[in-house]
There are 2 protein chains.
Amino acid sequence: MSIILYELVGADPARPFSPHCWKTRMALAHKGLAFETSPVPFTEVPKIEDGFATIVPVIRDGERRIADSFVIAEYLDTAYPDRPTLFGGEGGRVLSRFVESWSQRTIHPFVSTSRALLAIHDSLAAPDRAYFRETREKVFGQPLEDVVVGDEARLEEFRKKLTPLRALLEKQMFLGGEAPLFADYIVFGAFQWLRVVTPWEVLAADDVVAAWFERCLDLHGGEGRKVSRAA
Amino acid sequence: MSIILYELVGADPARPFSPHCWKTRMALAHKGLAFETSPVPFTEVPKIEDGFATIVPVIRDGERRIADSFVIAEYLDTAYPDRPTLFGGEGGRVLSRFVESWSQRTIHPFVSTSRALLAIHDSLAAPDRAYFRETREKVFGQPLEDVVVGDEARLEEFRKKLTPLRALLEKQMFLGGEAPLFADYIVFGAFQWLRVVTPWEVLAADDVVAAWFERCLDLHGGEGRKVSRAA
């Protein structure tokens with residue numbers, strides 16, 4: 001029986017956009033495991049697997065249910081040790097947490113205060129829209145429309161913040177070296193989130209980070225390209 | 001025969017300050033290997049081991065000579081696999097490169113344009129001072145004294161840039177998890193560089209990064225404390 005991946009979607013169930021769900025989708029593809037996806041809108045997340053989790057992604061693998069992209073990756077590497085590794089051992093597992101911390105505090109804050117925020121809102125079905133606006137406006141303390149003002153002006157600063165990643169990718173193909181590891185999917189998920197919700201090109205065409213992202217989109221039979229760039 | 005570690009020093013041979021040399025000193029201590037240090041001022045680096053390398057650190061281990069802190073760590077983990085690991089496997093080795101890239105593009109640019117720059121200059125013997133000033137002023141395109149202006153004003157921004165590290169260390173003891181890995185020594189080296197050359201406290205006392213740095217100073221019999229904080 002295939003693994004089921006519960007993925008966050010908006011009104012269109014064929015366009016999963018959550019960065020965390022993309023990490024897991026890529027991790028499953030990396031392991032070469034058969035999986036089916038089950039689309040879940042925001043307001044249905046608490047109903048996944050009879051209230052098993054309040055966050056996505058969630059996977060069901062036979063009788064096992066696991067939530068949280070990092071925990072899922074740990075589970076997959078442990079449960080399927082004969083398939084390609086996501087961490088490359090214990091040191092890789094723990095240092096992937098640093099990559100996660102960097103990505104979520106460098107890329108995510110930019111994406112979640114950019115036009116992507118409104119694009120996500122607009123892509124949701126009505127009840128999810130109301131939920132999304134209410135929860136996010138509570139966090140930001142202002143209307144979504146005000147949060148995103150000036151994103152174009154913040155772009156240059158954002159690109160500079162990618163310097164540590166860029167310098168690395170000038171020397172090697174992936175964060176994982178010659179081949180990708182879960183660390184790549186952590187960062188990939190953030191850029192895929194942007195790609196799926198908005199046509200805005202945040203990376204310069206000649207940026208090695210853009211070239212790496214395209215390489216990631218090509219991986220595993222083009223798993224990342226199964227959802228097109230937002231028009 | 002003990003390993004010889006060639007370390008960069010100023011006029012005082014007992015005060016090695018190079019971040020890269022500290023990475024190697026900690027790596028040797030982590031492996032529990034006996035080593036002796038050989039102090040080398042800037043202008044003597046090209047004479048190490050009959051011109052073997054143009055950079056420090058360099059180690060000699062029997063007939064083997066190795067330069068570059070990262071390459072040395074790789075050598076040590078390969079040559080001494082039965083001793084505590086520096087990388088925790090191949091994934092840890094390759095992701096340590098991301099930590100290195102982050103550290104050298106986040107912490108190093110701040111340190112090397114702060115009062116630490118002048119403090120290093122002032123700590124050098126006369127011929128090294130001239131060499132240091134000339135090479136650095138060529139890079140910066142201005143006098144050292146002008147480069148460091150406003151370092152206090154840049155401090156808050158620098159502290160913010162440590163957010164990915166700080167968030168990680170709020171959840172775990174070391175970058176390596178419960179115990180340190182070479183990734184810890186990469187970042188430690190940068191803060192130790194500051195500590196050895198200037199009394200300036202760049203981390204707030206209640207910063208978890210400061211607590212982690214103190215833990216690193218305690219490691220391996222207090223190896224990092226063998227050189228006192230600059231007065």
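Student: What makes chain A a chain of domain 1 and domain 2?
Tutor: The domain assignment of chain A gives domain 1 (3–79) and domain 2 (90–222); such bounds come from an automatic or database domain assignment. This is a predicted model, where local features need pLDDT of at least 70 and side-chain atom pairs pLDDT 80 or more, while totals for chains, interfaces and linings use all residues. Residues are numbered from 1 along each chain as its sequence is written, with chains lettered from A and ligands numbered from 1 in the order in which they are written.

Student: How many residues does the contact take from domain 1 and from domain 2 of chain A?
Tutor: The contact takes 19 residues from domain 1 and 22 residues from domain 2 of chain A. Two residues are in contact if their C-beta atoms, placed from the backbone, lie within 7 Å.

Student: Why is chain A called as compact as a globular protein of its length?
Tutor: The globule rule is 2.2 Å times the number of residues to the power 0.38, and the radius of gyration is taken over C-alpha atoms. For 231 residues the rule gives 17 Å, and the radius of gyration of chain A is 17 Å, so chain A is as compact as a globular protein of that length.

Student: How do you know that the span of helix α6 of chain B agrees with its number of residues?
Tutor: Helices are DSSP runs (H or I, at least four residues), numbered from the N terminus. The expected span is 1.5 Å times one less than the number of residues. Helix α6 of chain B (residues 126–140) has 15 residues and should span 21 Å; its end C-alpha atoms are 21 Å apart, so the span agrees. After α6(B) comes B:G141, with a positive phi near 70°.

Note on methods
Helix = DSSP H or I, 4+ residues; strand = E, 2+ residues; numbered from the N terminus.
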